[in-house]
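This report looks at strand pairing and aromatic contacts. Please view the structure first.

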Amino acid sequence: MTEQEIRDQVSAILVEQFEIDATEVKPQAHLYDDLGIDSIDAVDLIVRLKELTGLRIPPADFKDVRTVDDVVQVVTALTANS
Amino acid sequence: MPENVTPKLTARINRVWRLFATALSFSLFGAGSLVLGIVVFPLFWILIRNPERRRDIARRMVTGGFGLFVDVMNSLGVLHYRITGLDIAKSARGCLIVANHPTLIDVVFLLSVFRDADCVVKSAMWSNPFTMATVRSIDYIPNEDPSIVMAECVKRLQAGNNLILFPEGTRSIPGQTLNFGRGAATIAVRAGAPCLPVLFQCTPMTLTKSEPWYRIPAKRVLFEMEILQPIPVQPFIEASTGEKNASLALNDVLHDTLSQYLEITA
C-alpha cells in the first residue's frame with residue numbers, strides 16, 4: 001500500500017465509522033482536540049486498521065500519535081517493515 | 001495527673017495494636033497467597049484436568065480466602081465492615097460490576113461476595129512464577145492489548161459471567177470527584193449487560209494510593225460496601241444514536257449514581 005492509499009483509508013474510517021465531517025479530516029487535525037476521538041475510539045481505530053491492512057499493530061506504536069498524519073506515518077512505517 | 005491522660009493513652013495503645021494487627025493481617029494474606037500460588041494452584045494445574053472444574057474450585061478458594069481475610073481484620077480490630085445488598089449480589093448473572101475504588105482492599109471485599117466474578121489483572125502475573133498458576137487456574141483476563149481485553153470482557157459477560165471493573169482505572173484521589181473513563185460503559189453496551197453499581201466508603205480514609213499500609217488511621221476503620229440496584233443498558237442504547245453516545249450517557253449515570261454518596265472536598 002502506498003502512503004496515499006493509507007491516507008485515503010484512514011480518512012474513510014474517520015468519516016464512515018466515526019461520523020466525522022470529511023472537510024475536518026486534514027493531515028494536521030488533532031484526533032482528540034479537533035475530531036473528538038477518545039481513547040476507546042482510538043482502540044477501535046486500531047482494530048479497523050488491523051483489519052484493513054492485515055498488519056499487526058502494537059498499541060505502543062500509537063502512544064505518540066496526535067494527528068491524522070501521525071496515524072498515516074505509523075501505518076506506512078509498519079507496512080514498509082512487513 | 002490531668003484527666004484526659006487515660007483516654008489518650010487508651011487511644012494510643014489501640015493505635016499500636018491496630019498497627020500490629022494490620023501487619024499481622026497483611027502477613028497472613030501474603031503467606032496464604034504464597035501457599036496457594038506456589039503449592040495449591042500448581043497442584044490443581046497438574047491434578048485437575050478439566051479447566052471449568054479447576055476454575056470453579058480456584059474461584060471458590062479465593063472467595064473463601066478473601067472472606068477469611070476480611071473476618072480476620074474484623075476480629076483483630078483493624079476494621080469494622082458493613083455490606084448491604086447481598087441479595088442483589090446473589091442473583092446477579094452476566095452483570096458488569098462497576099465500583100468506585102477508594103482503597104487497596106476493595107477488590108477483596110468484592111471477591112468475597114461475588115464468587116464467580118471475572119477480573120482484569122496485570123498480564124505480568126501470567127509469567128511471574130508466584131502468580132502464574134493462580135491466574136491461569138482462576139482464568140482471569142490478562143490486561144494487554146486493549147482491543148483484545150474489551151472483546152474478552154464482552155464475551156465473558158455474554159456467557160453469563162459477572163465481571164468486575166473499576167471505571168476510574170486506578171484508586172480514587174480522596175476528596176476529589178470520581179474520574180470515570182467510558183471503557184466500562186462501552187463494554188456493558190456492547191455486551192448488552194446490566195450494570196451493578198457498588199459503592200465503597202471508608203471512614204476514616206485509609207489504604208489509598210498515596211499512603212503506605214502502615215500509616216494507621218486515628219481510629220478503627222469502618223468499611224462500607226453497598227450493592228446498589230442494577231441499571232439496565234437497553235434504555236441507553238434505544239435513546240442514543242450510536243454506541244459511543246450510549247456509552248457516554250451510561251457512563252454519566254454510573255458516575256452520578258456512585259458520586260452522589262461521596263463527600264467531595266476539592
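The model is predicted. In chain B, strand E2 covers residues 96-99.

E2(B) pairs with strand E5 of chain B, residues 163-165, through three bridges. The two strands run parallel. Within E5(B), Ile164(B) is the bridge partner of Ile97(B). E2(B) is also joined to strand E6 of chain B, residues 195-203, by four bridges. This pairing is parallel too. Here Pro197(B) in E6(B) stands opposite Val98(B).

## Aromatic pairs

A pair of aromatic rings is described by two quantities, the distance of the centres and the angle of the planes. Over all chains, the count is ten aromatic pairs. One of them joins Trp17(B) and Phe20(B). Their ring centres lie 5.4 Å apart and their planes meet at 45°. That angle falls between the cut-offs of 30 and 60 degrees, so the pair is tilted.

Both residues belong to helix H1 of chain B, residues 5-47. They are three residues apart, which means a separation of about one helical turn. Trp17(B) is partly exposed, at 38% relative accessible area. Phe20(B) is partly exposed as well, at 46%.

Tyr81(B) and Phe109(B) have ring centres 5.8 Å apart. Their planes are at 70°, over the 60-degree cut-off, so this pair is edge-to-face.

## Cluster and charge over a ring

Which residues form one aromatic cluster? The members are Phe26(B), Phe29(B), Phe66(B), Phe69(B), Trp213(B) and Tyr214(B).

One further contact involves a charged side chain. Arg54(B) lies over the face of Trp45(B). The distance to the ring centre is 3.9 Å, within the 6 Å cut-off for a charge over a ring.

Methods. Residues numbered from 1 in each chain as written. Chains lettered and ligands numbered in written order. Predicted model: local features only at pLDDT ≥ 70, side-chain atom pairs only at ≥ 80, totals over all residues. Heavy atoms only, no water. Buried < 20%, exposed > 50% of the residue type's maximum accessible area, 1.4 Å probe, protein only. Pairing = 2+ DSSP bridges. Phe/Tyr/Trp six-rings, centres within 6.5 Å; stacked < 30°, edge-to-face > 60°. Lys NZ or Arg CZ within 6 Å of the ring centre and 35° of its normal.
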